[in-house]
Amino acid sequence: MELKNKNILILGLSISGISVAKYASKEGANVVISESRQQKPEDTEKIQELNNLNIKVEMGFHSDNAIKNADIIVTSPSIPPEAEIFQRAKCYNKEVISEPDFAYLNKSEKSKFITITGTNGKTTTTKLTSEILCNAGFKAPFCGNIGVPPTDLLDEDVDYFVMEISSYQIYHSKYLKPHIGAFINYTPDHVTWHGSKEEYLRVKQSHFIGENAPEYAVLNFKDEHVKELENKTPSKIVAFDDEFSDFCIFEKADKLFLNKNKDMEKVCDLSSAKIFGKHNHQNMMCAVSIAKILDINNDVIQKTIDEFKAPAHRIEYIAEIDGIKYYNDSKGTNCDSSICALKAFKDKVVLIAGGRDKMTDLTEFAQTIDQKATNVVLIGEATERFAKALEEIGYKNIIKTTTLESAIDIAGNLNQGDVLFSPACASFDMFKNFEERGDVFRNHVLSKIR
């Protein structure tokens, strides 16, 4: 992509938008960042830094001139499809691309993309894949929805961009064509942004369909919505959690095996892994599938799995206090994720849940709590609906409180099992994001150590 003297318009003062702005400006482009919300005090320093790099920032509106003069428009992933700015861009015959598109169009010829999507488990799988590849000698940093825009890595020597990709990023992408694309699982999520659960699934699947489908599609054959792609994708299929396909990874007796054209081999043992639970076994199967496409040695895979630790906020062990272990699963932002977290534990736990309700069906969540939790401490906007769903199935050990800190104290003092914080909700009723929420949990637990 030729950037010198081009007019680049970036929609949204986001991490990915700022990354594109800095790279494009360095390459000689005229850059404008346009943000629809009003400026906040915490924006001042950021805007000043951008201005010092000759990057113009407009806040509170999208000017007609910026749209009309743009040669390239790059959008931040969170801007929803129905946003008025996209209609205006269309009126001026302007194409809008994603930040992953931008990075893909500006990468070196030798670099390739590995994309990992799914409703749950993306970050764990992305980090594990990156670590396996790096331990095998590849330059394969993790990036994407995990917090590091791939554009940040364009000036580095990269063999593989190992990218966590969200449905928002897929929706806005038009050019990204990965070498390997992985689809871990699907459950309804982000329904408000996409408009329906069917549209959310369509967007996820679209990453594996058409001319930009990856060369290899790594698919979870135990998930019926993911397996549907078997007859839709032009990609070479590598299946996981399946032992009968031509190229597949499956689990038996806590070990992973590769079946390639009926030639069977043991790849690694999961019994020594630090991450646990069926969902993490699927995450490991997905990462190992990618590794075997690249012919990575089994010893490297085993060593990486043995040493790999859960990323922050994903069933993250915090501490043991008076015989009670505390686990931070703040990334459990939907019911399916929290169900997986509960099922990962052999013994019953005390669950802390609640936050901004995503209004999905609570039947399976309530049933899993009944099976796996001695008590539930509820917080946030979802408290009453969660309590009602539990009461309807006869579950009575429900405690309501107003803050996360008090929930931690109550849960520990019950002495009825280890404490799992897995909210099954978004964080925005009480916190800026799930990371801040998880940090509050971690810090409060650590403050209790005497």
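The model is predicted, so local features need pLDDT of at least 70 and side-chain atom pairs count only at pLDDT 80 or more, whereas totals for chains, interfaces and linings use all residues. Residues are numbered from 1 along each chain as its sequence is written, and side-chain values use heavy atoms, with hydrogens and water left out. Helices (H or I, at least four residues) and strands (E, at least two) are DSSP runs numbered from the N terminus.

**Nonpolar cores**

- A nonpolar core is a set of buried Ala, Val, Leu, Ile, Met, Phe, Trp, Tyr and Cys residues joined through side-chain atoms within 4.5 Å; buried means under 20% relative accessible area, exposed over 50%, and partly exposed in between, with a 1.4 Å probe and protein chains only.
- The largest nonpolar core contains 37 residues, and V218, I301 and I305 have the most contacts inside it.
- Helix 11 (residues 278-293) contributes the largest share of this core, 8 residues.
- Another core, of 33 residues, lies apart from it and includes I10, L13, I47 and L50.
- Contact means heavy atoms within 4.5 Å; leaving aside neighbours within four places in sequence, I305 is in contact with L128, C268, D269, L270, A273, K274, M284 and V288.

**Helix 4**

- In helix 4 (residues 84-91), the buried residues are I85, F86, R88 and A89.
- Seen down the helix axis, these buried residues fall within an arc of 160 degrees, so they line one face of helix 4; the arc is that of the directions from the helix axis to the C-beta atoms.
- K90 and C91 are exposed on the other side of helix 4.
- The buried residues of helix 4 pack against strand 1 (7-11), helix 3 (64-69), strand 4 (72-75), strand 5 (96-98) and helix 7 (167-172).
- After helix 4 comes N93, whose phi is positive, near 65 degrees.

**Two loop residues**

- F61 lies in the loop between strand 3 (55-59) and helix 3, and is partly exposed, with a relative accessible area of 43%.
- Not counting residues up to four places away in sequence, F61 touches S34, E35 and S36.
- The C-alpha atoms of F61 and I85 are 9.6 Å apart in space, and the two residues are 24 residues apart in sequence.
- T401 is found in the loop between strand 19 (398-400) and helix 16 (404-414), and counts as buried at 16% relative accessibility.
- The side chains of T401 and S406 are joined by a polar contact of 2.6 Å; such a contact is a pair of N or O atoms within 3.5 Å, and within protein one must be able to donate a hydrogen and the other to accept it, while residues adjacent in sequence count only if both atoms are side-chain atoms.

**Pocket and cavity**

- On a 1 Å grid over the protein atoms alone, a cavity is a set of points where a 1.4 Å probe fits but cannot get out, and a pocket is an open set with protein on both sides within 12 Å along at least five of seven lines; lining residues have an atom within 4 Å of a point.
- Grid points are joined across faces, edges and corners, and a volume is the space filled by probe spheres set on the points.
- The second largest pocket holds about 650 Å³ of space; of its 35 lining residues, N120, N185, H279, D336 and C340 are the closest to its centre.
- Helix 13 (335-343) is one of the elements that each supply at least two residues of this lining, and the largest share, 6 residues, comes from helix 13.
- The count comes to 1 cavity of 30 Å³ or more, and the largest cavity has about 40 Å³ of space.
- L362, F365, A366, I369, F386, A389 and L390 line the largest cavity, with helix 14 (363-372) and helix 15 (383-392) giving two or more residues to the lining.
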